[in-house]
Amino acid sequence: MTLIVTTAIDKEPGLVKRAQELAQLYGGIYQDRGKRTMKQIYCQAEGALVLNKNELIYYDTEGQKLFFHPNTAWLRALNGRDPLLEALACPTGASVLDATMGMASDSLVMQYFGYQVTALEFNPLVHLIVSDGLSRFVMEDSRFTQAMRDLVTYCQDYQTYLAQAKDKSIDCVYFDPMFKVGIEESKNLDGIRLLANRQPLTEEALEQAKRVARHRIVVKAHYQDPIFEDLGLTRIKRSNTKFHYGYYQC
């Protein structure tokens, strides 16, 4: 993929140097922004990464944007209860491996409510954007801000991580693979779709998770997805929702 790395038109001190460093690190090409619109830039390549003062933004060739914002996780935290936590059925303080971090909404909810979360992201650009946001974003709720800072993330595929993990070394393992059955209404997923890891959860990966997990493995999927039955998971049915959770009790 040809990636162009540039900055906002109003460049802050140090942004150009960092943009050049990121271009080299991620195999991209640095271009001076000048007065060009983003459309003039991302149309030249297969994607563009823009450095602003407070965030990183990725544009695909159709102008869809990917950037970090914790609003979804924050709204779930405000609710005080969350179906993911109920699916984990694990006491506060337990260790959780989020094998498919994405935009880190699930990871942040778990971290906020006291779990010790390690999150894995396969795509280097997604990991860059999210980890950068986690390190800089500030919320009015200091507890939520601290959850962002405490969340441990790695840019690694879960197959490799699980294969190297010790037996019974993590309390819970959580998978949220890309849905086989799409949720077209979820416009907030548009930006991540082109960068997402579309590899399905396999029996081999699940067996590795069974070896590593002490308590439970939880999988999230569209309610019409046969993954729960295919992998022998117990489905937790949820009325009036587009997705269900399934679990394997270790």
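Biologist: How many of the 8 residues of α5 are buried?

Modeller: In α5, 7 of the 8 residues are buried, so the helix is largely enclosed by the rest of the structure. Buried means under 20% relative accessible area, exposed means over 50%, and partly exposed lies in between, using a 1.4 Å probe and protein chains only. Helices (H or I, at least four residues) and strands (E, at least two) are DSSP runs, numbered from the N terminus.

Biologist: What kind of model is this, and how are residues numbered?

Modeller: This is a predicted model, in which local features need pLDDT of at least 70 and side-chain atom pairs count only at pLDDT 80 or more, while totals for chains, interfaces and linings use all residues. Residues are numbered from 1 along each chain as its sequence is written, and side-chain values use heavy atoms, with hydrogens and water left out.

Biologist: Which residues of α5 are buried?

Modeller: They are Asp 106, Ser 107, Leu 108, Val 109, Met 110, Gln 111 and Tyr 112. After α5 comes Gly 114, which has a positive phi, near 100 degrees.

Biologist: What is Ala 73 in contact with, beyond its neighbours within four places in sequence?

Modeller: Ala 73 is in contact (heavy atoms within 4.5 Å) with Ser 105, Leu 108, Val 109 and Phe 144. Ala 73 belongs to helix α3, residues 71-79, and is buried, at a relative accessible area of 0%. Between Ala 73 and Met 110 there are 9.4 Å in space, C-alpha to C-alpha, and the two are 37 residues apart in sequence.

Biologist: Where does the chain cross through α5?

Modeller: I shall take the strands before the crossover. Strand β6 (residues 95-98) and β7 pair in the parallel sense over 4 bridges; two strands pair if DSSP finds at least two bridges between them. The chain crosses from β6 through α5 (residues 105-112) to β7, as a right-handed β-α-β crossover. Right-handed is the term used if, with the strands pointing away from the viewer, the path from the first strand over the helix to the second runs clockwise.

Biologist: And β7, how many of its 6 residues are buried?

Modeller: In β7 (residues 116-121), 5 of the 6 residues are buried, so this strand is largely enclosed by the rest of the structure. Strand β8 (residues 152-155) also pairs with β7, in the parallel sense over 4 bridges, and Leu 120 stands opposite Tyr 154 in β8.

Biologist: Changing topic: into which domains is the chain divided?

Modeller: There are domain 1 (3-63) and domain 2 (72-249), with bounds from an automatic or database domain assignment. Their C-alpha centres lie 29 Å apart, and 12 residues of domain 1 are in contact with 8 residues of domain 2.

Biologist: What area is buried between them?

Modeller: About 900 Å² is buried between domain 1 and domain 2, and carbon and sulfur atoms give 68% of that. Buried area is the accessible area (1.4 Å probe) that two parts lose on being put together, summed over both. Tyr 26, Leu 56 and Tyr 58 supply 55% of the area that domain 1 buries against domain 2, more than any other three residues.

Biologist: Finally, how many disulfides are there in the whole structure?

Modeller: The search finds 0 disulfides, a disulfide being a pair of cysteine sulfur atoms within 2.5 Å.
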